[in-house]
Amino acid sequence: MREDTQLFDVVVIGAGPGGYVAAIRAAQLGLSVCCIDDFQIDGKPAPGGTCTNVGCVPSKALLVSSCLYETIEQKAIDHGIEVSKPTIDVGKMQARKNSVVRQTNDGLLYLFKKNKIAYLNGRGSFVFADDDGYMINVSEPSNSRLMTKNVIIATGSRPRKLPDVDFDEERILSNTGALSLTKVPKTLGIIGAGVIGLELGSVWKRLGSEVRILEAMPSLLGFADESVSKTAYKVFSSHGLQMEFGVRIDKVENDGKRVSVKYTDKEGKKLEMWVEKLIVSIGRVPYTESLEPANVGLKIDERGFIEINELCQTNLPGVWAIGDCVRGPMLAHKAQEEGRAVAERIAGQIALTNLDLVPSVIYTEPEIAWVGKTEQQLKNEGVSYKVGQFPFAANARARAVGEVTGFVKVISEQDTDNLLGVHIIGADAGELIGQACQAMAFGASAEDLGLICEPHPSFSEAIKEAALAVNKEAIDI
Ligand code: FAD
Ligand code: NAI
């Protein structure tokens, strides 16, 4: 072993939501921890991963700015507030977003320090394994060697490319470029009507872009409950998002000024779309190559995911993997739950996670959120169920706020009434879904949810009424 090799109980590779939670929890439990992360912004270490730097945090900052713009432009008038047409200073909007990101980076640096975690900026890779554990190299600027018996891999994911189409982040954009535009493009093309396509499409649409989305699947959000995706399609179309389904992308060309997308539509017609900017948001792939997994024989599957068991253990003793680089939904809160659980397991505790109760939220307007099973899934599994639905149009708070689109849908098991799924499309769905997560985590029935006294007037009452509607006891409809 080299003389300058540092020893730790746990080394975490990646400081995204999976890695930073794992590192902090392990340190809280009395272990000596090093967390390595390679992300930098403007030459400065930027812990927080995709989520903080080019994902959840900046996208939500831009969503709120663009929503405010749209509210002033289109909705203030309904309240008797007249303003001249608002203008948008994209530079200032981006500066605000960057400062939200920096505050989050700095918050994490503070937490690392407070918990006595050694944070090293650089790329971590396996060198070898022997009886003393795993030797890990950390590249510049840290340039260090570490030895440990416990490694938590939390290296996350990166955007999937279309074959032969590179991101230049100037005209052909991944999430990184799409979050950093300095001007509102006149025309914006998006390939993939998934979560990123809809969220970032909404941002630039609200600020004035003409947005066209090309999607390979035959309909919108096929993985959501069908009643939700049908409503979403109607609402987003009425907001002016142009969406085409069942397309095949044939060729993408960038002439330096515009991007041409040649595609075949669902009837087999050959078409071409010209846009100023193109976002390619067709999913993400695990990011594991830089670990040099072959040096220690770490098993990676054919799609690049690290192979793990239900406890997040890899094929190597003491090596664990969590978050986007392993199976399951690519969501920050899922990574965080796995990070907490793995740290506790390393410290000798029994820790549980439940992938069946990971909520999904799409921060469009209206928001979409759900937890548990969709009706389609239950039908396919042959499970008997009951459904209760309640529209926000019948909710007093929604009417007062002026956000009456959408509904809450509660699904419970036919015989036991146990909650199987809750699906919401409407204002604040992303906040409301937390109530359903709590109820389902405590094993509640629809009846239990309907018995909870909710404040009046509140959006929460729609959850109660939908739960009551399961057993035909709703009061307000
Ligand atoms: P990451 O956050 O990807 O972190 C991994 C870190 O490890 C990165 O900093 C990476 O650079 C670093 N790394 C990789 N390899 C090495 C190495 N060898 N050495 C050192 N460092 C390395 N999820 C939500 O739940 N809610 C949202 O609202 C949401 N919005 C999103 C919006 C966008 C535009 C995108 C792209 C994603 C969004 N996500 C959202 C998904 C979320 O960002 C990810 O699920 C989450 O970041 C995964 O966390 P992680 O810790 O597994 O990995
Ligand atoms: P996605 O999986 O949500 O959507 C990708 C879409 O692209 C799908 O509808 C897919 O059918 C389509 N597609 C795939 N290949 C295509 C092709 N060749 N041509 C046309 N369409 C094609 O992936 P997205 O939007 O890139 O986001 C990646 C991940 O990031 C999400 O799955 C999610 O896990 C995470 N995320 C989460 C957010 C949230 O929680 N609010 C926000 C943004 C991202």
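Trainee: Which of the 38 residues around ligand 1 come nearest?
Mentor: Keep in mind that this is a predicted model. A residue joins the shell when one of its heavy atoms lies within 4 Å of the ligand. Among the 38 residues around ligand 1, the nearest are Asp37, Asp38, Thr50, Lys60 and Gly124.

Trainee: How much of the accessible area of ligand 1 does the protein cover?
Mentor: Start from the ligand on its own, which has 1000 Å² of accessible area. Of that area, the protein covers 94%.

Trainee: Which element gives the largest share of the shell around ligand 1?
Mentor: By class, this shell has 15 nonpolar, 17 polar and six charged residues. Two or more residues come from each of helix H1 (17-28), strand S2 (33-37), helix H2 (49-54), helix H3 (56-75) and helix H8 (332-346). The largest share, four residues, comes from H2.

Trainee: Now ligand 2: which backbone places a polar atom 2.6 Å from one of its oxygen atoms?
Mentor: Let's go through the contacts of ligand 2. Glu199 has a polar side-chain atom 2.8 Å from a nitrogen atom of ligand 2, while a backbone N or O atom of Val195 lies 3.1 Å from an oxygen atom of the ligand. The 2.6 Å contact to an oxygen atom of ligand 2 is made by a polar backbone atom of Met330.

Trainee: What share of the 830 Å² that ligand 2 exposes when taken alone does the protein bury?
Mentor: The shell here holds 22 residues, with Glu199, Glu215, Gly283, Met330 and Val361 nearest. By class they divide into 13 nonpolar, four polar and five charged. Of the 830 Å² that ligand 2 exposes alone, the protein buries 77%.

Trainee: Why does ligand 2 lie between two domains, and which are they?
Mentor: Look at where the shell residues come from. Helix H6 (residues 195-206) provides the largest share, three residues. Both domains give residues to the shell, so ligand 2 lies between domain 1 (6-159 + 285-355) and domain 2 (172-282).

Trainee: What volume does the largest cavity have?
Mentor: With a cut-off of 30 Å³ or more, the count comes to one cavity. Its lining is formed by Pro159, Arg160, Asn175, Ile196, Val280, Ser281, Ile282, Gly283 and Arg284, which divide into four nonpolar, three polar and two charged residues. The space in the largest cavity is about 40 Å³.

Trainee: And the second largest pocket: which element gives the largest share of its lining?
Mentor: This pocket has a volume of about 550 Å³, and of its 24 lining residues, Cys67, Glu365, Glu403, Ala427 and Asp428 are the closest to its centre. Two or more lining residues come from each of H3 and helix H11 (429-441). The largest share, six residues, comes from H3.

Trainee: From which domains does that lining draw at least three residues each?
Mentor: By class, the lining of the second largest pocket has eight nonpolar, seven polar and nine charged residues. At least three residues come from each of domain 1 (6-159 + 285-355) and domain 3 (366-470).

Definitions and conventions: Residues are numbered from 1 along each chain as its sequence is written. Chains are lettered from A and ligands numbered from 1 in the order in which they are written. This is a predicted model: local features need pLDDT of at least 70, side-chain atom pairs count only at pLDDT 80 or more; totals for chains, interfaces and linings use all residues. Side-chain values use heavy atoms; hydrogens and water are left out. A polar contact is a pair of N or O atoms within 3.5 Å; within protein, one must be able to donate a hydrogen and the other to accept it, and residues adjacent in sequence count only if both atoms are side-chain atoms. Accessible areas come from the Shrake-Rupley method with a 1.4 Å probe; for residues, only the protein chains shown count as cover. Ala, Val, Leu, Ile, Met, Phe, Trp, Tyr, Cys and Pro count as nonpolar, Asp, Glu, Lys and Arg as charged, and the others, Gly among them, as polar. Domain bounds come from an automatic or database domain assignment. On a 1 Å grid over the protein atoms alone, a cavity is a set of points where a 1.4 Å probe fits but cannot get out, and a pocket is an open set with protein on both sides within 12 Å along at least five of seven lines; lining residues have an atom within 4 Å of a point. Grid points are joined across faces, edges and corners, and a volume is the space filled by probe spheres set on the points.
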